[in-house]
Amino acid sequence: MDQVTTLGEFIIEKQQDFPGSSGEFSRILSAIRLASKVVSQQINKAGLLTDILGAAGSENIQGEQQQKLDVYANDQFIKALRGRKVVCGIASEENDEFIPLNEEGKYVVAMDPLDGSSNIDVNVSVGTIFSIYRRLSESGTPVKESDFLQKGTEQLAAGYVIYGSSTMLVYTTGNGVNGFTYDPGIGVFVLSHPNMKTSEDGKIYSLNEGNFYKSSEGIQNYVKYAQEIDPATNRPLTGRYIGSLVADFHRNLIKGGIYIYPATTTSPNGKLRLLYECNPMAFIAEQADGLASTGKQRVMEVTPTELHQRVPFFAGSKLMVEKAVGFVETE
Ligand code: AHG
Ligand code: MN
Ligand code: MN
């Protein structure tokens, strides 16, 4: 076997990037690595398990129906993070309130344990998204909501796991983006995509065009622009939309493109959640030389006011995001 770097080795190697953390921070990444292996295994065999596909019969705080795998993934990530003792609280898409953990812990985690879960029953890629902050309140006291309501610029690390044709974990600690592919045969994530960069421009645009008439004039004009024949290439842009943010974002990161979830008449702040969808993806986009905007400002500079807050989201290749934002910024 050629020389490989595993995620475990990589985390230890990079521990020195966090002076004073005495390995505590690395333990959070290890917990996420562990839970994602468990969830990956479950997702891979989901079609065989009658008790894991489909709706759980409950709704989350956003009034969305929870899938059984939403609940399963949420439990796995909470369990793994609780076990490491260094996290004082978790904000999850699947929980109305934040979950207090060890009061001594110095870190908080925001997560979307299963993104794109409506795709699970049809064997299409889903993901997990996470974001890690240092708490603001003093350790040894109960975690507070304000510990989670930090700007994205304060993130210490963020990443996602894509459960696709292979499972990959992609993350950043602010020193570039690295991607690891899971080898289920030996049970390890292997560094397969070191120092990921997205191209400055791209050809793919990804948004739910069913929302066309519910979108602003600016968005409608952008879609028309994307569909026009570009004289330079003699073709329009290419529309690609899976409906799993992680999968759409990951494809665009690698190939060059833009992901958009705009404000609509029925969702005036868009659909995606700032803390555990937009900010972590924005951190990765920027670290890969791309951009992420709400259409009005840099995503990571939005001051959060609520755990489950939504913002319009434009992310991907720099020139494509600038172009799209140009259509909406004066609205
Ligand atoms: P989740 O499954 O975590 O609720 O997220 C679903 C999100 C996101 O993954 C995806 O990009 C978007 O919803 C799709 O929304 P539409 O079906 O409205 O296009
Ligand atoms: Mn999601
Ligand atoms: Mn989700």
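## About the model

This is a predicted model, in which local features need pLDDT of at least 70 and side-chain atom pairs count only at pLDDT 80 or more, while totals for chains, interfaces and linings use all residues. Residues are numbered from 1 along each chain as its sequence is written, chains are lettered from A and ligands numbered from 1 in the order in which they are written, and side-chain values use heavy atoms, with hydrogens and water left out.

## Overall shape and surface

Let's start with the whole chain. A compact globule of 331 residues would have a radius of gyration near 20 Å, and the 19 Å of this chain agrees with that; the radius is taken over C-alpha atoms, and the globule rule is 2.2 Å times the number of residues to the power 0.38. Along the principal axes, the C-alpha atoms fill a box of roughly 55 × 50 × 45 Å.

Of the 331 residues, 55% count as buried (under 20% relative accessible area, with exposed meaning over 50% and partly exposed in between; 1.4 Å probe, protein chains only). Take the contacts (heavy atoms within 4.5 Å) between residues at least 6 apart in sequence: 63% of them join residues at least 24 apart.

## The manganese ion (ligand 2)

Now for the metals, where donors are N, O and S atoms within 2.8 Å of the metal (3.2 Å for Na, K and Ca); water is not among the atoms, so sites may look incomplete. The manganese ion (ligand 2) has Asp 112 (OD), Asp 115 (OD) and Glu 277 (OE) as protein donors, 1.9 to 2.2 Å away. Asp 115 sits in strand E5 (residues 107-115) and Glu 277 in helix H6 (residues 274-287), a pair that links distant parts of the chain, 162 residues apart. Asp 115 and Glu 277 are both buried.

## The manganese ion (ligand 3)

Glu 93 (OE), Asp 112 (OD) and Leu 114 (O) coordinate the manganese ion (ligand 3) at 2.0 to 2.2 Å. Glu 93 lies in the loop between strand E3 (87-92) and strand E4 (99-100), and Leu 114 in strand E5, so the pair ties together parts that are 21 residues apart in sequence. Glu 93 counts as buried because its relative accessibility is 5%, and Leu 114 is buried with a relative accessible area of 1%.

Which residue bridges the two ions? Asp 112 does, and the manganese ion (ligand 3) and the manganese ion (ligand 2) lie 3.7 Å apart.

Key: Helix = DSSP H or I, 4+ residues; strand = E, 2+ residues; numbered from the N terminus.
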